[in-house]
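These are my notebook entries on what I looked up in the structure. I set them down in the sequence in which I worked.

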4 protein chains.
Amino acid sequence: MFFASDNAGPAHPKVMDALMRANEGFASAYGTDPIMAEVTERARALFEAPEAAVYLVATGTAANVLGLATLCQPWQTIFCTPLAHINVDECNAPEFYTGGAKLTLVGEGDKMTAEALEAAILGEEVRGVHGAQRGPVALTNVTERGRVYSGSELAALCAVARRHGLPVHLDGARFANACLATNLSPAEMTWKIGVDAVSFGGTKNGLLGVEAVVFFDPDRAMEFEYRRKRGGHLFSKHRYLSAQMQAYLADDLWRETAAAANARAARLAEGLRGCAAVTLTVTPQANMLFCALPRGLARRLQAAGAQFAVWEGTMEGDAEGMVEIRLVCDWSLPEAEIDRFVALAAAG
Amino acid sequence: MFFASDNAGPAHPKVMDALMRANEGFASAYGTDPIMAEVTERARALFEAPEAAVYLVATGTAANVLGLATLCQPWQTIFCTPLAHINVDECNAPEFYTGGAKLTLVGEGDKMTAEALEAAILGEEVRGVHGAQRGPVALTNVTERGRVYSGSELAALCAVARRHGLPVHLDGARFANACLATNLSPAEMTWKIGVDAVSFGGTKNGLLGVEAVVFFDPDRAMEFEYRRKRGGHLFSKHRYLSAQMQAYLADDLWRETAAAANARAARLAEGLRGCAAVTLTVTPQANMLFCALPRGLARRLQAAGAQFAVWEGTMEGDAEGMVEIRLVCDWSLPEAEIDRFVALAAAG
Amino acid sequence: MFFASDNAGPAHPKVMDALMRANEGFASAYGTDPIMAEVTERARALFEAPEAAVYLVATGTAANVLGLATLCQPWQTIFCTPLAHINVDECNAPEFYTGGAKLTLVGEGDKMTAEALEAAILGEEVRGVHGAQRGPVALTNVTERGRVYSGSELAALCAVARRHGLPVHLDGARFANACLATNLSPAEMTWKIGVDAVSFGGTKNGLLGVEAVVFFDPDRAMEFEYRRKRGGHLFSKHRYLSAQMQAYLADDLWRETAAAANARAARLAEGLRGCAAVTLTVTPQANMLFCALPRGLARRLQAAGAQFAVWEGTMEGDAEGMVEIRLVCDWSLPEAEIDRFVALAAAG
Amino acid sequence: MFFASDNAGPAHPKVMDALMRANEGFASAYGTDPIMAEVTERARALFEAPEAAVYLVATGTAANVLGLATLCQPWQTIFCTPLAHINVDECNAPEFYTGGAKLTLVGEGDKMTAEALEAAILGEEVRGVHGAQRGPVALTNVTERGRVYSGSELAALCAVARRHGLPVHLDGARFANACLATNLSPAEMTWKIGVDAVSFGGTKNGLLGVEAVVFFDPDRAMEFEYRRKRGGHLFSKHRYLSAQMQAYLADDLWRETAAAANARAARLAEGLRGCAAVTLTVTPQANMLFCALPRGLARRLQAAGAQFAVWEGTMEGDAEGMVEIRLVCDWSLPEAEIDRFVALAAAG
């Protein structure tokens, strides 16, 4: 009963197969391998962006901060939510990679509204050279609370950015889950509404560790390449990144695994809605749930082998006290474990 | 006939097997997987350093610059040779990761002598705060010209560093090849003579992409962890790095592949010594050769399918003109291809 | 009627005299001038800190960020208020000088409470290497809204910092005004309650441009010196900085000018309290006032020659609409101009 | 007998007068003072560059590195000589301000030839993203060995840079001395031959501490302004920088002081050429001399009160051993002291 994260599940067998197939003889290094050429073409087709620059890196943090640094000057500020991965989970990687840019927090939680973004941008008043200058808007879809931005929400946010001449970056660590949850195509979630660069995540969705960074404006491409290299993120045996993404894009595997993950979360949510002692605290939209439950029940679930993150409160204290926990469904999660978890939760 | 680099060969089948075995169910993230615990113990045993801190990253540049940044202040200078990977092949990654340290070039080529190091250190005269302050000594074994530092050479260099209170970093992208070529144990090549941190390379020796960074002084460990995280080099699905290193350390695979690579280079060298038109320009000691040959012959070799790097001179020009080429032998290189290459070279 | 800032007034005649006296013959460079030796002794005496390291730089931003960078690791976050100069007025200088640290905003305005600080520190939960690590607490006295922290407020804040093992930095751009307003001695406002380093401002209080940075723990000193040099903030003709600070410390000039500034603000506040159309929005404690008044009146004051900053709202709009303005009193402000301003304001 | 440096002499009386005149009432901050407007116009006229952007900072290091950082990307390398101030005297400030660029050393000493520059540029072979990319060419006139580049030498160097598409920066800490020594106008030494930005030094030539940074391409201007601010180099009471430069530019004071300094060095050189025990080691061209003399004589000169830097060798050792010393002539150096030094040197 592993709900701790979708960054701990196995790679999909098709991905392992692709790795095996790629492990033949010699292949030219640093992204010049033939598989990468195929990946680039497939990714451009997927995003309906024949000019897009496509790059692979191995971690989500690398994808985000290399992409953002390419869109941001050191004297600017990046607009993001307080819960954004770049704010709370990257140990100041954005500040490091941008050469000292700042993050301006918009709103209170995991999503920003166009109004809040507008206010935050206006709040970073332009007073000559004194304050941070306005920089990129950084969005995340699926958010850190398992919610999604709809197409119209994204469009409204991008419109605000455009009005102020600011580029837009999308952290898509769970991009596939968001596409399925919103019924948007990759193009509709990105350049068609004004996103300039996206981290197209694979690691949390069935790969060993690969994220694509896609720039819709190829003029940004060369700068990204220098940044990737000096960040130590250009792989010599790049074919092993290429092969993962090759499998991910072939036969819509990315959709298949994301659909599996989202379906598991829906099954879990449905089950938990029937548990008297459990309250969903956020309406789940993708593959992540948040619920409040008595500490005693949480402990019993753990004792039975369930693994999850405590989001709010602590496990120490009396049994009646409430805690909020996060439950993430990997594509590989056995449905029987979901049902078992629900049964335990229903028992209270 | 692929001699372009050892960063383009396949992973060893045992490594692929380990990857497959690791791909079972869920494993906790960010280096807390059980395989990593085993790797740490094995690496400590290999280095005879029970307190050492052991970390995995996926690229050689990351290993080098994260290790160096942990040993270096931004106002210091790193002593290395002009040909050092950190100087010529990392797009200013050391300057980036250290927050602006400098590199002071010692000697003219791929190896430094203790005398040259002493002179360079004295040359970075301490004049209060004005110049760069003296920082780490960065050595590479095997060097970029396929030579090795012997145990006594290393000891002499480390003694100079120690006398000036400077830490020593060893870039061991080809550490295994160096151990075999020098007949030194991992401990003898590192902490026993005064090396503080080493990049223990796997990528060029049969892995998909993993390097271990080993700190013999565990006090440096926590700082390294912050730097790795904010560099974007901490893998969530870390088990896939762990598994590669697990296979590498098990049954001395690292020695087996390095021995194969070195033996192939020896076979190639022996063959080329018999070719009238070819002159070895550096006495080969590990898995890399440099030789001068007429441009016309080099072209015929290429036309026959040989791949190699041109080190000095260019392929444009008259056929009698000489070029120097680099030939790197991967552990996987078929011996028949070596023999075929030699036969072609012998034909002139 | 210049109320725009205390960074625009003249230098005190005694300071100019000291500059003139210092301009004799040759003086050794880079802070080794004899006047600096005297300044160090005087500053140590003033702060009752015979071991303190004392440095001069020419701008407040330099003083703040060099001091903070010496107290902060790149993977940490600095706790400060949203209105802190380091957050809104230094164009990301703290992020730049620290090598990419972050700022965590505490509370809503210009002052933080011990409770808010505690909450913010706890909010930067320690989750291994993922989030920013807790770093220095950065206080400002006088605050950007013209208020002061009392001794007990400062002590409570420092106690929170100490409990979490965090160093404390004090931005004292208006340190002298704060000493007078709180009736605290320099030692009582700093090391006696737990401040580790302070920017002891002179520029806003009668100098041409000098701030002292004082470290009460001299172990930090050498690192500061490297940072100052590579920041380009070490003056060759340092005597001209030394001479300003010499005059500032002699005969308590720093108290004299601050007392003059505070007295002017008190006079202005008293006058404005009698103006029906004007409301003080912050209870003034030092040399800075904030008041709300109708836009029409603000315009008439400007037309009559008054210069001030609009803090909230804009000057565009109907005459009855309210704006909040900031009025800063320099030590040199003629009292007649204050009275004239009050008279105009009283006329409505 | 102060020959240690021209960074230790007094400010010219006209400069002090200008400071005094500027110290009247209030002046708007951060470079918007009326004196700066005048300075900008005068500087543009001096450089015959009506569109040039003109900025003032207080130290030579700040001028150099802010200018260079504006011309350089973090993944590039700056071409300069080994003796360049940016290489040996700024504690890695260029690496810091550029965000991690590298310095490539051209030639062996203080001057580079067009051939050496071409070779160095070609040596930084463009190999995709692996090595440092080619960046600005950084020249210094007067050099650190007291020599000058002639107009044709400068033109040849700039032509090499242009051919490779690289910008050119000129460190003019002793720009005025170079103009006089070469008989070139400011325009002829800069934009007319292809210099993009210059540090026009004042500190070593009669000011308290001001350098102008001039960009001939105003498109670079705004970026410089952000960099200056976040470097902590934008002065609030900027009028005191403006006033110094105002006096410097008025009545050609900059030429007057430089002429005085150069004349003193010529007088000193002439005198020393007549001293049997002393050998000029570099043909002096501006206000700096280098000579070899027996250690015993050097000690006697010191004992008589002479101050100078030991350039090569040390003062410890037997009296007959030779040392090379540096003698710098400030504009303010009394001629009698020169004559006295020569007399002592002649006595052997």
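**Entry 1: the interface of chain B and chain A.** I first looked up contacts, where contact means heavy atoms within 4.5 Å. I found 47 residues of chain B in contact with 47 residues of chain A. I note that this is a predicted model, in which local features need pLDDT of at least 70, side-chain atom pairs count only at pLDDT 80 or more, and totals for chains, interfaces and linings use all residues. Residues are numbered from 1 along each chain as its sequence is written, chains are lettered from A and ligands numbered from 1 in the order in which they are written, and side-chain values use heavy atoms, with hydrogens and water left out.

I then looked up the buried area, which is the accessible area (1.4 Å probe) that two parts lose on being put together, summed over both. Chain B and chain A bury about 4,100 Å² between them, and 63% of it is on carbon and sulfur atoms. In chain B, the residues that lose the most area to chain A are F26(B), R230(B) and K237(B), together 21% of what that side buries.

Entry 2: I looked for salt bridges (a side-chain nitrogen of Lys or Arg within 4 Å of a carboxyl oxygen of Asp or Glu). Between chain B and chain A the count is zero. I next looked up polar contacts (a pair of N or O atoms within 3.5 Å; within protein, one must be able to donate a hydrogen and the other to accept it, and residues adjacent in sequence count only if both atoms are side-chain atoms). Across this interface, 30 residue pairs are in polar contact, both at pLDDT 80 or more.

By class, the side of chain B that touches chain A has 24 nonpolar, 15 polar and eight charged residues. Here Ala, Val, Leu, Ile, Met, Phe, Trp, Tyr, Cys and Pro count as nonpolar, Asp, Glu, Lys and Arg as charged, and the others, Gly among them, as polar.

**Entry 3: D110(D).** Is D110(D) buried or exposed? I found that D110(D) is buried, with a relative accessible area of 6%; buried means under 20%, exposed over 50%, and partly exposed in between (1.4 Å probe, protein chains only). The side chain of D110(D) makes polar contacts with the side chain of T143(D) at 2.6 Å and with that of R147(D) at 2.8 Å. Not counting residues up to four places away in sequence, D110(D) touches several residues, including T81(D), L83(D) and Y149(D).
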